[in-house]
Amino acid sequence: MNSYDNDLVEILNRFIKNDINSIGSLNKNLRELVTISALCVYPNEDLIIKHVKNALYVGCSALEIKEAIYQCAPFIGFSRVFNVLKFVNKVFIEQGISMPIENENKIEYENRYIEGLKIQKPIYGDEIKDKYTWLPKPFDDSIPRFLTEFGFGDFSTRGILSEKDRELLIVVLLASMGGCELQVKSHVFGALKTGNSKEEIVCALVCAIPIIGIPRLFNALNCSKEYLSEL
């Protein structure tokens, strides 16, 4: 960020320090991963570099940071993810982190469906498979299968992040995208099912306000009222 807009920078820093960071139960590690996940939708180089450095400082591992970014690919596409990783890799190299960082938790290609289903089904059941039986063949079977193999088999099976944290970060990512309220609501359900509290979910969304803005916060809250309401 340049020095020509100090007033705006001051407002941002004051809002984060005095308001965002002073409320809610999420630890510093998750707050940084939340912010990085939201920034994958709005890949601002200066902010990504700043928050990757912050994440390392508060104790996130380089592998955790990368995993939070990798799992965005099924939602926002590989182009944006690779763009973000250019800035992340730059920070890691500057910090003396040995590259490439390899995750050993890999499954065989032919086992993606079985292993992905083990994670998907306890949370979401057969919702997607049952919902899209109306599609023309072979897509009535292949599209739900893609979700299981790609979304869960290729990413969730990699470990590093707990399924609880993965679902929480996905809620924030979807809220950041806008226009994904149906998926936001579904993943709020998934976040609760994997052990997040209502307060943790709302806290994560609030942490993302400086990146996503207030209207998208309200969209996420309103579409998920059924699951988040204490009334």
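Tutor: The structure holds 0 disulfides. The model is predicted.

Student: Is Cys203 buried or exposed, and what makes it so?

Tutor: The relative accessible area of Cys203 is 5%. Buried means under 20%. Cys203 is therefore buried.

Student: What makes Arg112 and Glu149 a salt bridge?

Tutor: Their N to O distance is 3.6 Å. The cut-off is 4 Å, from a Lys or Arg side-chain nitrogen to an Asp or Glu carboxyl oxygen. The pair therefore qualifies as a salt bridge. Arg112 sits in helix H7 and Glu149 in helix H9, 37 residues apart.

Student: Why is Arg112 called buried?

Tutor: Arg112 has 9% relative accessibility. The limit for buried is under 20%, so Arg112 counts as buried.

Student: And what puts Glu149 in its accessibility class?

Tutor: Glu149 has 14% relative accessibility. With buried meaning under 20%, Glu149 therefore counts as buried. Leaving out residues up to four places away in sequence, Glu149 touches Arg112, Tyr113 and Asp154.

Student: How do you know that Arg112 forms a salt bridge with Asp154?

Tutor: Their closest N and O atoms are 2.8 Å apart. That meets the cut-off of within 4 Å. This pair also links distant parts of the chain. Asp154 lies in the loop between H9 and H10, 42 residues from Arg112.

Student: Why is Asp154 called partly exposed?

Tutor: Asp154 has 27% relative accessibility. Buried is under 20% and exposed is over 50%. Asp154 falls in between, so the label is partly exposed.

Student: Which salt bridge involves Lys185, and what makes it count?

Tutor: Lys185 forms a salt bridge with Glu226. Their closest N and O atoms are 2.9 Å apart, and the cut-off is within 4 Å. Lys185 lies in helix H11 and Glu226 in helix H15 (residues 225-228), so the pair ties together parts that are 41 residues apart in sequence.

Student: Which accessibility classes do Lys185 and Glu226 fall into?

Tutor: Lys185 has a relative accessible area of 27% and is therefore partly exposed. Glu226 has 58%. Exposed means over 50%, so Glu226 is exposed.

Student: What makes one network of Arg112, Asp141, Arg145, Glu149 and Asp154?

Tutor: Salt bridges that share partners join these residues. Arg112, for one, pairs with Glu149 and with Asp154. A search of the whole structure finds 13 salt bridges.

Student: Why is Phe146 called partly exposed?

Tutor: Phe146 has a relative accessible area of 49%. Exposed needs over 50%, and buried needs under 20%. Phe146 lies in helix H9 (residues 139-153).

Student: What makes the nonpolar surface patch that includes Phe146?

Tutor: Phe139, Ile143 and Phe146 make the patch, which covers about 290 Å². Patch residues need over 30% relative accessible area and no salt bridge.

Student: What class does Lys193 belong to, and why?

Tutor: Lys193 has 47% relative accessibility, so Lys193 counts as partly exposed. Lys193 is found in helix H11 (residues 181-193). Beyond neighbours within four places in sequence, Lys193 is in contact with Pro122 and Ile123. Contact here requires heavy atoms within 4.5 Å.

Student: What stands out about the backbone at Ile160?

Tutor: Its phi is near 70°, a positive value in a residue other than glycine. Ile160 lies in the loop between H9 and H10. Its relative accessible area is 30%, so Ile160 is partly exposed.

Methods. Residues numbered from 1 in each chain as written. Predicted model: local features only at pLDDT ≥ 70, side-chain atom pairs only at ≥ 80, totals over all residues. Heavy atoms only, no water. Helix = DSSP H or I, 4+ residues; strand = E, 2+ residues; numbered from the N terminus. Buried < 20%, exposed > 50% of the residue type's maximum accessible area, 1.4 Å probe, protein only. Patch = residues over 30% accessible without salt bridge, like charges linked within 9 Å, V, L, I, M, F, W, Y side chains within 5 Å. Areas by Shrake-Rupley, 256 points an atom, 1.4 Å probe, with all protein chains shown as cover. Disulfide = S-S within 2.5 Å.
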